[in-house]
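Here is a friendly walk through one protein chain. Have a look at the sequence and the fold before reading on.

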Amino acid sequence: MPDRAVFLDRDDTLIEDPGYLNDPSQVRLLDGVPEALAELKALGYKLIVVSNQSAVARGIVTEKVLGKIHERLEQLLSERGAFLDRIYYCPYHTDGVIPKYTRDSDLRKPNPGMLLAAAEQMDIDLSRSWCVGNGYCDVEAGSRAGCKTILITHSSTPGRPQAGQASPDYTAVNLKEAVNIVKRHGRSPRAESVQTQSPDVSPDEPNAPPGKDNYQEPEGVSGVAEQLPSSGAAEPQTPTQEDVVPGDRTEQLLGGILEELRRMRRADMFGEFSVLRLMAGIIQIVVLFCLLATVWVLMNPDRQVNSAMIGLGFAVVLQLMALTFYMMEGRR
Ligand SMILES: [Mg+2]
């Protein structure tokens, strides 16, 4: 019987993304990643990294250095009891400067080439597999390969995919929550899929021969650069200014704030405990109350602008405090 797998994006899913990662010493695991991977492995999933590495084509990193970066990643994971089954990467990009790698490729996400190659080489049942990543290109690749998909969201993640792109089956604040979703789905096979949207592009057959040039080899390179596809992408479906009446705007604002609070609460639930983060979270909630109070004062018929300005001032100062705590936490 074919195996099942979890396909994992690399940057901002497993490790921090400082931009173009081009040195093994820059590899930093995200909180909770080794534990989450060990749990997935215990559930019987193969763990396969699928990563766009346009930095190779751009000449920012060589495949040799990329190999060392991946060795470092595997070393850090193994020190904490987690092991990957294979790392695939796509070094190609049409904007490259290295002729060998300057071309389009079915391996590059959002194309599903790397997942299809892995399925063929490692006997993977894609319909029982998952694709997890922090970009809509990961979701699109997973969806086109026939996997269930989980989008790891950050505060900067766009709220919706571009037109024509697949929506994720689920969203999670980090890999730890993604594992919970996989476990929950495993316990309840009929679990409802959330807002699935079929892509209107049919899966392509990979033209590039799978294997040699698209997954980890000792001769590696570095580079990061996950890029969302730009070709053929339509404008996001956002309402125009004229379409939005003031009531809608307030509703949207409050909806956005509530969504962000929900995301932060989930991040706290599935993140590692930290006093700094706890304090930042509490302050963030106070900021929300200040903002709500400001909105309420402004909407009041006998609006008191001074009171609103005081509320707004408090919100700004407290928000700066919260950001300071977040930055201190990030530097630990
Ligand atoms: Mg990524």
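## Where β5 meets β6

In this predicted model, strand β5 (residues 148-152) runs parallel to β6, and three bridges join the two. You can follow the pairing residue by residue: Ile152 has Ala172 of β6 as its bridge partner, and Leu151 stands opposite Thr171 in β6.

Now turn to the other neighbour of β5. Four bridges link β4 to β5, again in a parallel arrangement. Here, Cys131 finds its bridge partner in Thr149 of β5.

## How enclosed is β5?

Which residues cover the two sides of β5, and are they buried or exposed? On one side sit Lys148, Ile150 and Ile152, on the other Thr149 and Leu151, and all are buried. Because five of the five residues of β5 are buried, the strand is largely enclosed by the rest of the structure.

For context, buried residues account for 38% of the 332 residues in the protein chain.

## The helix between β4 and β5

Together, β4, α5 and β5 form a right-handed β-α-β unit. Helix α5 (residues 136-145) is mostly covered, with 10 of its 10 residues buried. Just after α5, Gly146 adopts a positive phi of about 95 degrees.

## The whole sheet

Stepping back, where do these strands sit in the sheet? Six strands make up an open sheet with parallel pairing, in the order β3-β2-β1-β4-β5-β6. Its edge strands are β3 (86-90) and β6 (170-172), each of which pairs on one side only. From one strand to the next, the twist averages 25 degrees.

Helix α1 (residues 33-42) packs on this sheet, where it touches β1 (4-8) and β2 (45-52). The direction of α1 makes about 130 degrees with that of β2.

## The chain overall

In total, the secondary structure of the protein chain comprises nine helices and six strands. Among contacts with a separation of 6 or more in the protein chain, 75% are between residues 24 or more positions apart.

Methods
Residues numbered from 1 in each chain as written. Predicted model: local features only at pLDDT ≥ 70, side-chain atom pairs only at ≥ 80, totals over all residues. Pairing = 2+ DSSP bridges. Axes fitted to C-alpha atoms, helices over the stretch in contact; angles between N-to-C directions. Contact = placed C-beta atoms within 7 Å. Buried ≥ 20, exposed ≤ 12 C-beta atoms within 10 Å, placed from the backbone. Right-handed = clockwise from strand over helix to strand, strands pointing away.
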